[in-house]
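Visitor: I'd like to learn how to read a model with several chains. Could you walk me through one?

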Amino acid sequence: MRFVFKTSYAQDIQIFRDRRDAFWYLLLAVVAVLLPVVISDYYVGETTWVFVYAICGVSLMVLVGYTGLVSLGHAAFLGIGAYAHAFFLKHGVPWVAAVALAVAITTACGIVVGLPALRMTGIYLAIATLAFSVIIQEVFSRWESVTHGFAGMAVEKPVIFGISFADDRAFYYLCLFFLVLTLWLTRNLLRAPTGRAWVAIRDSEIAAQSMGVNLAIYKSMAFAYSAALMGLAGALFAHKIAYLAPDIFTILLSIQLLLLVIVGGLGSLHGAVFGAIFVALLPPVIAILRDSIPASFADVASATGLSLFGAIGEAVGNFLRKPGVEAGIFGLILVLVILLEPLGMYGRWMKIRIFFSTFPMYKRATFKRQKTYMRSERLR
Amino acid sequence: MSFFQADQLSINFGGIKAVDGVSFDVEKGTVFTIIGPNGAGKTTIFNLVSRIYEPSGGRLVFEGTDITRVPPHRIAALGIARTFQNIELFEHATLLQNLLLARHAHKQSNFISELLFLPSVRRMEVEHREMVEKVIDFLDLQQYRDSLIVNLPYGVRKVTELARALCTDPKLLLLDEPSSGLNVEETEDMAFWIQDIKNLLGITVLMVEHDMKLVSAVSDRVLALNYGRPLAQGSPQEVQSHPEVVRAYLGG
Amino acid sequence: MTLNGLAVGCIYGLVALGFVLIYKATELVNFAQGDLLMLGAFVAYMAVVWWGLDYWLGFVIGVVAVAAFGALLDATVLRRVIGQPQFAVVMLTIGLGAMFRTFASVTWGSEIYTLPTPFSGVWTVGGVTLSHQYLSIIAGTLVLCGILYGFFTHTRIGVAMQATSQNQLAAYYMGIPVKLIFSLIWAISAGTAVVAGVLLAPVTLIDINMGLAVALKAFAAAVLGGFGSIPGALVGGIIIGLIELYAGATLPEGFKDTAPYIVLLLMLAVRPQGLFGTLGRKKV
């Protein structure tokens, strides 16, 4: 078991625990930078989706995982950022300024949505954000002068300071840059008084107030920062998807984002990235399985002579081809994660790491959850 | 002019007078204890002082300033800290993070400087950490620094409540039943700590307590309450032998 | 036309009632309520169209089957997440809802289906045309509410519900069969959803997503009425139904769907606890 011997307070403040951790992250960064060189264009595109979703994940993680304010309508912010960015680009605003304006507008909307949060808790806030999201979706459809309504809106390719980033690989690096920037900025906030104040609001508002945390300011800040990140993600999302339409930013997308943070692991930035990997890569994986499972099962059937395998493969393939299966699989995984591993992918990853580092003295009871009884959350 | 003064404090909860015309003075550098049966309104008074509740009558004066209408989050900056009877720690954070949060009222950074984690923020973090470590040393919490609060036993949580309140660098410390749930040895430790807080740290203590031994050992003055109204005020011996207090509370 | 609004409002009210029942008892919000509605409608459809049974028999089968399923759901899945934060359980129900929709798509198909009902006529009273469909919805709602009202006021279950929702451990100590109560509440709630679904089927036709649209508005209705209040849920539902109708008829396009939510936001801003709810406060 590895112990980190601490010799100064700075070690607790810095981002990486020690030189060894920093080394592994550096390695990860190198892999991320070199990836487009080795893999095909299709996978570069898919990984770019991971990056965009990861920024969304960080945004939602700050609000839900760290501050404890549930938002069922975050897709609306994504849409506001996307449409704003596309709109400004169409009107000749330079790329960086367009992104900045999109972020500013989304932040302003975030503060507005956050205002009810100052008075509401839990489920009421979730419903308010849901209502807001439905209204915004309608606005996207009706405000035709800006969004072109149902006809949709094409998004120009990104050109920054004269350099075109339309190429898949260039856009990959752009998104990677912004993801790293987002992670760094958020990590800074989380290890500073603001991040601690957010956690305090999540765990006990009354105690937080007694310690001097102005609830109104910090809740608004959480909404504002979260919305700002969504604005940035929206701009990148707009480029990636290339054609905006109101029916992209539905409640189902909001739910998918929540699924991202839960499956990834609530309460950690790693969770946002893990969740993004999951959410972005599951649909392509299903698409691959749809064809490969019947094929491989047919091979097994002909190899063993048992046509049962072939039948099973066909059945699974047919099932995966039905419309709406993807949502059901997402639902199933969400249910399984909450039932079996509430700490999400990151939690499971930590458990695996601890298993290996404490081997052979690992005890399952380390993470055994005590039998808990339901306590009322109505009075918080 | 006294250090802290409550003047005819009262509050109604839908017809029930939880606190009715309570007045008391706390001298600087002393320990003032409020005793009374359950439901007498003691914690309600604390909640009024920390401004969680709005009084329906009366005034609160701290160091000459009227604080009756101050918003709750400004109380820590004024120098008043409190512990909670039912432990309101931040369960899913480590002990260290709980204590560092208590320094929030003294933070000097703003959003942008924190976002970029400027050297000034780094310096401030180290300073806060040094201050928090002093409190950890004082209360012997070193081994629990990085434990999550959910994993800590009850006795340690009580001490953490105290530690967190001390980390706000208070002039007036409100302790709500500091010995409830503690065994004899832990209660003795608590008594020593309260005396150290008074004598070494120079902090004025306003306390709610049931354990009469602890009350007699550390208090300078005592106020007895019943049904939200004051019964008797004076030295511990005077109050504990007062006939009405004995009848209402000590089961004489 | 008001009848239309009232009828739709009754549907919202019934689904909202289901929400509130579960919330009062277990403090969970069941986002799969709409999908239970959809499952019930499909089961009734299956009974009547595939198996050729009588409408009323199909109705009863649908209610019983899905109510039993609801209780089963509570006993197997939801029991395991007790103690987890409310948010996690809400997401669990969302996941379950998605699974139900996929299940329906695979079992019954993803098209739109019609349920034949015995209410196809109209009555003309004093120059006003009253459709049997809408009347049946209102009548059904009244009957169901009457039954539930009698059930909750004349048995000790109502009090037991409150106890378990506020402090489960204490409820155990008081000898309340907490697990049974929870399963019962889920069964009732699911059954209510099915009644709403079968009554709604002739109006909106049966398809996989019929529950989702209704559930969102029913949610708004429950919040409007006050999340802890049963009569509030119904009143909220009716208000939402009427708002939707009149907004669609009088205001410019686009307001039909958003008007209920705008009203909801106003209500939350002005009186967060809804029309009939009460605000709780933590005692420290």
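Visitor: What should I know before I start?

Guide: This is a predicted model, so local features need pLDDT of at least 70 and side-chain atom pairs count only at pLDDT 80 or more, while totals for chains, interfaces and linings use all residues. Residues are numbered from 1 along each chain as its sequence is written, chains are lettered from A and ligands numbered from 1 in the order in which they are written, and side-chain values use heavy atoms, with hydrogens and water left out.

Visitor: How do I read confidence, and where in chain A is it lowest and highest?

Guide: pLDDT is the predictor's confidence in each residue, from 0 to 100. Where pLDDT is low, the predicted coordinates should not be read in detail. Chain A averages 87, and 96% of the residues score at least 70. In that chain, helix α14 (residues 307–321) has the lowest confidence, with a mean of 79, and helix α11 (residues 215–241) has the highest, at 94. Helices here are DSSP runs of H or I with at least four residues, strands are runs of E with at least two, and both are numbered from the N terminus.

Visitor: On to interfaces. How many residues of chain C are in contact with chain A?

Guide: Contact means heavy atoms within 4.5 Å. On that rule, 59 residues of chain C touch 48 residues of chain A. The size of an interface is often given as the accessible area lost when the parts come together. Buried area is that loss, taken with a 1.4 Å probe and summed over both parts. Between chain C and chain A it is about 4,700 Å², with carbon and sulfur atoms giving 72%. On the chain C side, Glu27(C), Phe87(C) and Met91(C) lose the most area to chain A, together 13% of what that side buries.

Visitor: Which helices of chain C supply that side?

Guide: α1 (2–26), α4 (86–108), α6 (157–166), α7 (168–173), α9 (210–225) and α11 (255–270) of chain C each supply at least two residues. The largest share, 15 residues, comes from α4(C). By class, the side of chain C that touches chain A has 35 nonpolar, 16 polar and eight charged residues. For those classes, Ala, Val, Leu, Ile, Met, Phe, Trp, Tyr, Cys and Pro count as nonpolar, Asp, Glu, Lys and Arg as charged, and the others, Gly among them, as polar.

Visitor: What about chain B?

Guide: Glu133(B) and Arg145(B) form a salt bridge at 2.9 Å, N to O. Glu133(B) sits in helix α5 (residues 119–139) of chain B and Arg145(B) in the loop between α5 and α6 (154–167), twelve residues apart. Glu133(B) is buried at 7%, while Arg145(B) is partly exposed at 23%. Salt bridges that share partners join Lys6(A), Asp12(A), Arg129(B), Glu133(B), Arg145(B) and Asp146(B) into one network.

Visitor: And the buried side chains?

Guide: Lys217(C), in helix α9 of chain C, counts as buried at 10% relative accessibility. Leaving aside neighbours within four places in sequence, Lys217(C) has contacts including Tyr12(C), Glu244(C) and Asp257(C). Arg157(B), in helix α6 of chain B, is buried too, at 19%.

Visitor: Which residues should I check for backbone angles?

Guide: Ile87(B) has a positive phi of about 55° although it is not a glycine. Ile87(B) lies in the loop between β6 (80–82) and α3 (95–102) of chain B and is buried at 10%. Gln8(B), also not a glycine, has a positive phi of about 50°. Gln8(B) belongs to strand β1 (residues 4–13) of chain B and is partly exposed at 47%.

Key:
Buried area = accessible area lost by both parts, 1.4 Å probe. Salt bridge = Lys/Arg side-chain N within 4 Å of Asp/Glu carboxyl O. Buried < 20%, exposed > 50% of the residue type's maximum accessible area, 1.4 Å probe, protein only.
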